[in-house]
Amino acid sequence: MEQLRVKAACVLLQDGCKVSDLPERLGYNSIQSFRRAFKRVMGVSPSEYRG
C-alpha cells in the first residue's frame, strides 16, 4: 500500500505538484510521515527525487 502511494507521489512530482501538497492528496497525516515513507521506499527524499 505504501509503495502505491509513493509511486503516485512520483507521478505527481513529475507533473509539477509541490511536495507540500502531496501528503494531503495521498492520505498522509503530516508532511514528516510522507517524507519518511517516501525515503523508505525510494531511497531519496521527495525534493531529491524531483531534482
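Close-up 1. The model is predicted, so local features need pLDDT of at least 70 and side-chain atom pairs count only at pLDDT 80 or more, while totals for chains, interfaces and linings use all residues. Residues are numbered from 1 along each chain as its sequence is written, and side-chain values use heavy atoms, with hydrogens and water left out. A search of the whole structure gives 3 aromatic pairs, where rings of Phe, Tyr and Trp (its six-membered ring) pair if their centres lie within 6.5 Å, and planes under 30 degrees apart count as stacked, over 60 as edge-to-face and the rest as tilted. Y28 and F34 make an edge-to-face pair, at 5.5 Å centre to centre and with 65° between the planes.

**Close-up 2. The aromatic pair within helix 3.** F34, at 0% relative accessibility, counts as buried, and F34 forms a tilted pair with F38 at 5.9 Å centre to centre, with 55° between the planes. Both residues belong to helix 3 (residues 31–42) and are 4 residues apart, about one turn of the helix; helices (H or I, at least four residues) and strands (E, at least two) are DSSP runs, numbered from the N terminus. F38 is likewise buried, with a relative accessible area of 0%, and one aromatic cluster is formed by Y28, F34, F38 and Y49.

**Close-up 3. R5 over the ring of Y28.** The charged end of R5 sits over the Y28 ring, 4.0 Å from its centre, the criterion being NZ of Lys or CZ of Arg within 6 Å of the ring centre and within 35 degrees of the ring normal.

**Close-up 4. Cysteines C10 and C17.** The structure holds 0 disulfides, a disulfide being a pair of cysteine sulfur atoms within 2.5 Å. The sulfur of C17 has its closest cysteine sulfur in C10, 12 Å away, which is too far for a bond. C10 is buried at 6% relative accessibility, and C17 is buried at 15%.

**Close-up 5. The salt bridge between E2 and R40.** A search of the whole structure finds 1 salt bridge, defined as a side-chain nitrogen of Lys or Arg within 4 Å of a carboxyl oxygen of Asp or Glu. E2 forms a salt bridge with R40, the closest N and O atoms being 2.9 Å apart. This pair links distant parts of the chain, with E2 in helix 1 (residues 2–14) and R40 in helix 3, 38 residues apart. E2 is partly exposed at 27% relative accessible area, whereas R40 counts as exposed at 56% relative accessibility.

Technical notes
Buried < 20%, exposed > 50% of the residue type's maximum accessible area, 1.4 Å probe, protein only.
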